[in-house]
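Colleague: Hi! Could you walk me through this one? I'm new to reading structures.

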Amino acid sequence: MIASQDIVRCKGCHRPLRTAATIATGFGPICARRQHLVAAGYSSGQITDAIELVELGGVIHLRGTGDRRVYLTVGSKGVVHRTAITGQCNCHAGLIGKRCHHGAAVALYATSAASRTVRVAYPMPPATYIAAA
Ligand SMILES: [Zn+2]
Ligand SMILES: [Zn+2]
């Protein structure tokens, strides 16, 4: 039991931290991942877009394991990109060697609880079929 004056708040979003691990780092799980992405060179706008993409279910594990993982990421206008765990991506920015929010989304997804292996029966997200109809 924690007395109210003992609540430790996240340095990023000021939400109360509840686990020993987050209290030790000073950041909640989402902000810790955000910090990790900032360190990897993503802008805060890209990280916000990436969080949104993951929350909307726009990242799907396509194939591969470890450093060879490849994901499908849904871009604006419903275009589907292929994004590697290493951050390489076949969107416009990715093809000219720039970091894109798809890479950040994949990094987030891979480290989040949501990534617990979900078997996907579709070669592409269902939204693609709807858009093509
Ligand atoms: Zn936070
Ligand atoms: Zn991209």
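Colleague: Which atoms coordinate the zinc ion (ligand 2)?

Modeller: Keep in mind that this is a predicted model. In it, the zinc ion (ligand 2) is coordinated by SG of Cys 89, Cys 91 and Cys 100, together with ND1 of His 102, at 2.0 to 2.3 Å.

Colleague: And what geometry does that site of the zinc ion have?

Modeller: Tetrahedral, with angles of 106 to 113° among the four donor atoms.

Colleague: Is Cys 91 buried or exposed?

Modeller: Cys 91 is buried, because its relative accessible area is 6%, and the cut-off for buried is under 20%. His 102 is buried as well, at 5%.

Colleague: New topic! How many aromatic pairs does the structure hold?

Modeller: One. The ring centres of Tyr 71 and Tyr 109 are 5.8 Å apart and the planes are at 80°, so this pair counts as edge-to-face.

Colleague: Which parts does that pair tie together?

Modeller: Tyr 71 lies in strand S2 and Tyr 109 in helix H5, so the pair joins parts that are 38 residues apart in sequence. Both tyrosines are buried.

Colleague: What does S2 pair with?

Modeller: Strand S2 (residues 70–74) pairs with strand S3 (residues 80–84) in the antiparallel sense, over five bridges. Tyr 71 has Thr 83 in S3 as its bridge partner.

Colleague: And what's between the two strands, S2 and S3?

Modeller: Five residues, in a hairpin. Lys 77 in the turn has a positive phi of about 65°.

Note on methods. Residues numbered from 1 in each chain as written. Chains lettered and ligands numbered in written order. Predicted model: local features only at pLDDT ≥ 70, side-chain atom pairs only at ≥ 80, totals over all residues. Heavy atoms only, no water. Pairing = 2+ DSSP bridges. Helix = DSSP H or I, 4+ residues; strand = E, 2+ residues; numbered from the N terminus. Donors = N, O, S within 2.8 Å, 3.2 Å for Na, K, Ca; no water. Tetrahedral: all angles 85-135°; square planar, octahedral: opposite > 155°, others 65-115°. Buried < 20%, exposed > 50% of the residue type's maximum accessible area, 1.4 Å probe, protein only. Phe/Tyr/Trp six-rings, centres within 6.5 Å; stacked < 30°, edge-to-face > 60°.
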